[in-house]
Amino acid sequence: MEQQDQLKKEGRLTLVLALATLIAAFGSSFQYGYNVSAVNSPAEYMKQFYNDTYYDRTGGYMESYSLTKGTLLFNNIFSIVPAILMGCSKIAKSFELIIISRLLVGICAGLSSNVVPMYLGELAPKNLRGALGVVPQLFITIGILVAQIFGLRNLLASEEGWPILLGLTGVPAALQVLLLPFFPESPRYLLIQKKDEEGAKNALKRLRGWDTVDWELEEIRQEDEAEKAAGFISVLKLFQMRSLRWQLLSIIALMAGQQLSGVNAIYYYADQIYVSAGVDENQVQYVTAGTGAVNVVMTFCAVFVVELLGRRLLLLLGFSVCFLACCVLTVALSLQDTISWMPYISIVCVIVYVIGHALGPSPIPALLITEIFLQSSRPSAFMVGGSVHWLSNFVVGLVFPFIQEGLGSYSFIIFAVICLLTTIYIFLIVPETKGKSFIEINQIFVKMNKVSDVHPEKEELKNLPPVSSEQ
């Protein structure tokens, strides 16, 4: 009987859980990735549309600065309405519709990049939490690849096709709006936030595919009991709590390392590298799509190996590979004008970097936010992680052109140093979370934070119930 209960504790991928994961990831993460990439291919047609529309109204042309800002500044929420607006912008002769739509879709990207990993992490059993936590990143890469394919010049990257290319972002959003309400809410949210024990029990039964869910419900109750002293933890309180110090520092380090490691700079530089290796400029779009396909394949692999190898090893491996790729790329770029075959080494470095980043730095940090924070602090932790993510992304986009102009081929040394420092931090600080419950993970951080020495009555983990060895 005990062995049977233990088997029941090993959650399985039920149809309900699988469909909830796919709909959440497709409706939000996919469109985030799609919108990141969709504006790249038709950028020149969009600039021309802006200019022609402005000329029809004023009799003059836009200044260069205004033209570039309107095309590139806004990126990826309320997706259905913006999709319709973007699709109709050319007919309406209004480039403002595109700018407003991109702003709304940008708000969506910020929210979905935080909410989807949190939602899936709370739905999943602990033995599948890692795999399902990587799925949002997988759909981001699929979205990027689909946009790259649709954005080929012989498909939708044309004067007639670009409004359709932008408008397609509404399809996954519409499907999510129609289908997601039929799937369960997070059991942890229902029990801890809503105090709806019956609702949480029914949600667990649907997600797990069996009726015996009392042991998992009890685990959620333990988490609730552990948090009652703290209540809801705001962002300000998150920074003040000693019991969450290393969790918070780790998320900041990982989210900053994810973006400051140079992933966007690599993609920015990739086209120049391909051309220098002799790829025809008209064929670069196909090579870029091929790089996107490599990203999808490696992230798909991460879904299956994250529970086998663990989060910590994938992070260490991924950042180490990115560090080596940046170092070799620096050498290859500095020698490509003197050694004929060096541009090919540069291409290999780009592909190796993409592989390394897809294995660990891209998918794992958001998964860890779900795992190392309890329910009361998790939303604020995602706010901090998301803010660091987008701020770092913004800094790289703002600063990299100046770094490239000043340092040239040595630009990637900076990213190599950041990859190395992040690897060292992970090796020294970040614990393995594979196969552990949220309570077990937080008990690891209790020892790291030494919370017993600091006013335990004010801390999140006061009255933490013991966790049995069976879990």
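Predicted model: local features only at pLDDT ≥ 70, side-chain atom pairs only at ≥ 80, totals over all residues.
Let me begin with helix α14 (residues 245-260) and helix α20 (residues 378-407), which pack at about 30° with their axes 8 Å apart, the axes being lines fitted to C-alpha atoms over the stretch in contact and the angles running from 0 to 180 degrees between N-to-C directions. Because angles under 35 degrees count as roughly parallel, α14 is roughly parallel to α20. On the α14 side the contact, meaning heavy atoms within 4.5 Å, includes Leu248, Ile251 and Met255, and on the α20 side it includes Val384, Val388 and Val396. By class, this contact has nine nonpolar, six polar and no charged residues.

Residues are numbered from 1 along each chain as its sequence is written, and side-chain values use heavy atoms, with hydrogens and water left out.

Turning to the second pair, the axes of helix α16 (residues 284-309) and helix α18 (residues 342-359) come within 8 Å and cross at roughly 30°. Among the residues making that contact are Thr291, Val294 and Met298 of α16, together with Ile351, Val354 and Leu359 of α18; the contact divides into eight nonpolar, three polar and no charged residues.

Finally, Gln148 lies in helix α7 (residues 129-150) and counts as buried at 12% relative accessibility, since buried means under 20% relative accessible area with a 1.4 Å probe, protein chains only. Leaving aside residues up to four places away in sequence, Gln148 touches Ser37, Thr288, Ala289 and Gly292.

Definitions and conventions. Helix = DSSP H or I, 4+ residues; strand = E, 2+ residues; numbered from the N terminus. Buried < 20%, exposed > 50% of the residue type's maximum accessible area, 1.4 Å probe, protein only. Parallel < 35°, antiparallel > 145°, perpendicular 65-115°, else oblique. Nonpolar A, V, L, I, M, F, W, Y, C, P; charged D, E, K, R; others polar.
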